[in-house]
Structure formats: structure tokens, C-alpha cells
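Please look over the chain shown here.

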Amino acid sequence: MLEDQRPGTVYWIDHYVVGSDDLDRWADFQIKVLGTRPHGGGPEGRRGFILFQDITPCCHHGAMHSPDPLPRGAGLGNGLPRYGLFIRQQDIEQHLRRLDQHGVPHLDPVRTSTEGDTGISIAWQDPDGNQFEFWAPDQLPDGAMAGCTSLGVGRISHGVFESRNLQRTAEHFARFCTLEPMTSPDLPANILVLPLVGGARIIFKQVETFGQRTGGWGKLHAAHAALVVRDEDFWPSYDRMWAEVPEWEYGRERGAFVGAGPDLPARTARHGSPAGVQWFDLRGRGDDWYDWDTNCFHFVGGEPRGGSLVEYEPHTMDWHFPRYLEAQGAAAPQSQRP
Ligand SMILES: [Fe+2]
């Protein structure tokens with residue numbers, strides 16, 4: 001990977017969280033179909049609100065229990081968001097066999113270049129109807145299979161999200177993530193591809209209606225994707241955003257955000273992690289952020305391993321916040337101090 005000099009640009013998608021109606025079922029499925037490891041190595045996470053599982057040492061994913069039955073979505077191969085995971089082309093048959101063995105609804109492998117990269121795609125869905133894809137590109141980027149699971153599933157290759165206005169989305173991600181759209185004659189007009197430095201992609205599809213499986217609808221607060229920036233860009237990226245976008249009002253009495261849905265503007269929002277709550281109490285700003293179309297993200301700092309961000313140590317707000325306080329000579333807010 002060439003070092004990218006653009007301040008604040010994004011290197012990888014570190015993790016994602018989807019909604020689930022049954023966390024135990026979801027976890028069993030992930031273990032069997034992806035070969036993931038339950039976070040923490042034991043079943044205790046299953047009782048929690050969110051279950052994280054490691055895909056590779058620097059990629060993980062999770063699910064949050066949906067308070068209401070999940071929206072149906074547009075179905076296999078069509079619903080969004082959709083997350084892709086790298087696989088090797090020589091392993092395609094073995095992945096297909098495993099999907100069939102576990103009765104996973106999937107499409108046939110298809111060779112495509114319509115989403116900004118050339119390779120073979122296998123679309124499938126989990127028991128909650130969340131959309132996924134095994135992605136076997138003609139050229140795997142460095143690090144794509146770093147620490148892949150015992151079943152040969154690698155890092156997150158891409159996330160595909162809904163947008164009503166691709167130009168507005170492109171401007172938002174250029175401004176706050178230093179990402180530039182791919183230009184290619186192969187790209188359909190209704191698709192926006194934002195290549196990340198590491199070789200993954202953030203993709204938007206023009207839509208008229210929403211599948212409503214994103215955080216901005218006010219129910220699946222934890223449904224999001226985390227974007228890796230250099231550690232030194234973590235605070236500047238947030239500072240730029242906090243200076244220019246509003247905060248989603250958080251009603252403390254009800255423990256819920258005020259309003260929801262696609263009529264709200266792009267915004268930041270109180271992040272429910274311990275450090276996110278502390279930061280919100282200190283500064284009144286959140287480190288979750290929403291685009292114009294209900295998609296939720298947050299930044300993760302990356303510390304290079306071996307000299308580049310091909311592999312990295314992920315540093316969330318929980319890592320950055322105490323260092324920020326130390327640098328400021330400040331203490332954590334009294335009300336939230338552990
Ligand atoms: Fe996250």
C-alpha cells in the first residue's frame with residue numbers, strides 16, 4: 001500500500017453492525033458460515049446488546065438486537081446495506097458448498113465490474129435478511145486476507161449503502177472523509193464508488209425508497225460502519241465535522257434521539273460507547289455521524305503495523321479519549337467517571 005498524503009482519508013472499513021431479531025441464531029450462523037470467533041472467546045457476549053465477532057485480527061462485525069421486527073428489505077441481492085467480504089477465487093467452490101450445506105440463500109457466482117472493481121461476486125443473506133457478498137476480485141489488495149478465518153473469509157471488501165442524491169453524497173464524503181469518486185466507463189450512472197486507500201470500497205446506490213435497516217431511522221442505533229483513518233487524523237476529522245454539521249438532539253429523559261428518518265440533515269450523534277457518552281457529556285457532540293440518507297458511521301484511528309496501514313491496530317474513541325484528556329490536563333466528567 002502506498003502511503004496516502006491526503007489528510008483524513010479512509011483506509012479500510014474496520015467493522016460493521018447489523019440488526020438481528022435473534023442474536024443467538026445470528027452468532028451460530030456467523031460461526032458456521034464465516035468461521036468467525038465470538039468476541040472475548042466466550043458466550044457471554046450473546047446476552048449483551050451487541051455481539052461482536054472477530055473476522056480477522058483487525059476486522060470484526062456485530063449485530064444488535066432489533067427492538068421491533070426488522071423491516072423486510074428488498075431481499076437477496078437487492079437489499080441495502082450490503083457488506084462484502086474478501087475471498088480467494090480459488091476458494092469459490094468451497095464457499096458455495098458451505099453456503100449450500102447450511103441452507104444459506106445465495107445467488108450464483110457472477111463476474112462483474114459494475115461496482116468499481118473486477119471479480120466474482122456471490123450474494124447471500126443471513127437469517128435476519130441482512131445482505132452480504134463474498135467478493136473474489138481478480139487482484140486481491142495487500143492485506144485483504146490478513147488473518148482470514150479458518151474458512152477462508154477475509155476482511156471487509158466493501159459496503160453498499162442507499163443514497164437519494166449521489167452528488168450530495170459524493171460532496172459529503174469528499175469534505176469529511178477526503179474520498180474522491182471513481183470515474184470509469186464501466187460504472188452505471190446510479191452508482192457512486194469511493195475507493196479506500198487499502199483497496200476496499202464504499203459504494204452508494206441511488207434509491208427512491210429506503211430499506212430502513214440503518215441507524216438514522218431511530219431504532220437500530222447501532223447499525224453502522226466504522227471507517228479507518230490514520231490515528232493523527234482522528235481528531236481533525238471529527239473537528240471538521242463538528243464545525244460544519246449539526247448535532248442530532250438527544251433527549252436525556254427518554255434516552256432517545258429527537259426525531260428520525262431521512263428528512264433530518266447529515267449530523268453527528270451521541271455514540272453509546274462508554275467513551276462516546278463521556279465525550280458527549282464533556283463537549284455536547286457525538287462521535288457517531290450520519291450522512292444525508294440515514295447511514296451511520298464513525299471513525300476509528302489506525303496505528304500502522306509494520307510501517308503501513310495494510311495492517312493496523314484499531315484505536316476507537318475509547319482509546320483516543322483518555323489520551324485527549326491527558327493532553328488537555330483535564331479529568332473525565334464527574335457524572336460519568338467510572
Ligand atoms: Fe463501531
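## Strands around β12

Strand β1 (residues 12-20) pairs with β12 in the antiparallel sense, over five bridges. Strands (E, at least two residues) and helices (H or I, at least four) are DSSP runs, numbered from the N terminus. Two strands pair if DSSP finds at least two bridges between them. Tyrosine 16 stands opposite alanine 225 in β12. This is a predicted model: local features need pLDDT of at least 70, side-chain atom pairs count only at pLDDT 80 or more, and totals for chains, interfaces and linings use all residues. Residues are numbered from 1 along each chain as its sequence is written.

β12 also pairs with strand β17 (residues 296-305), this time in the parallel sense, over six bridges. Here arginine 230 stands opposite glycine 302 in β17. Strand β12 itself (residues 224-230) is mostly covered, with seven of its seven residues buried. A residue is buried if 20 or more other C-beta atoms lie within 10 Å of its own, exposed if 12 or fewer, and partly exposed in between; C-beta atoms are placed from the backbone.

## The β17-β18 hairpin

β17 runs antiparallel to strand β18 (residues 311-315), and five bridges join them. Glutamate 303 has glutamate 313 in β18 as its bridge partner. The two strands form a hairpin with five residues between them. In the turn, glycine 306 has a positive phi of about 70 degrees.

## The seven-stranded sheet

Seven strands form an open sheet with mixed pairing, in the order β6-β7-β8-β5-β9-β11-β10. Its edge strands are β6 (110-112) and β10 (191-195), each pairing on one side only. Neighbouring strands of this sheet are turned by 25 degrees against each other on average, direction ignored. Axes are lines fitted to C-alpha atoms, for helices over the stretch in contact, and angles run from 0 to 180 degrees between N-to-C directions. Arginine 111 has isoleucine 120 in β7 as its bridge partner.

Two helices lie across strands of this sheet. Helix α2 (residues 92-101) lies across β7 and β8 (131-137), at about 10 degrees to β7. Helix α3 (residues 166-177) lies across β9 (156-163), β10 and β11 (201-206), at about 15 degrees to β10.

## Core and overall form

The largest nonpolar core has 72 residues. Such a core is a set of buried Ala, Val, Leu, Ile, Met, Phe, Trp, Tyr and Cys residues joined through C-beta atoms within 7 Å. Val10, Tyr11, Ile13, Leu85, Leu227 and Val228 have the most contacts inside it. Leaving aside neighbours within four places in sequence, tyrosine 11 is in contact with Leu196, Val197, Gly198, Val228, Val229, Gly302 and Leu309. Contact means that the C-beta atoms of two residues, placed from the backbone, lie within 7 Å.

The protein chain has six helices and 18 strands. Buried residues make up 46% of its 338 residues. Among contacts with a separation of 6 or more, 67% are between residues 24 or more positions apart. Along its principal axes the C-alpha trace spans about 55 × 45 × 45 Å.

## Backbone spots to check

Where is the cis peptide bond? It joins leucine 80 and proline 81, with omega about 0 degrees. Proline 81 lies in the loop between β4 (59-65) and β5 (82-86).

Threonine 178 has a positive phi, near 50 degrees, in a residue other than glycine. It is found in the loop between α3 and β10. Threonine 178 counts as partly exposed because it has 18 C-beta neighbours inside 10 Å. Threonine 294 also has a positive phi, near 75 degrees. This residue is found in the loop between β16 (288-290) and β17. Threonine 294 is buried because 26 other C-beta atoms lie within 10 Å.

## Helix α6

Arginine 323 lies in helix α6 (residues 317-328). With 13 C-beta neighbours inside 10 Å, arginine 323 counts as partly exposed.
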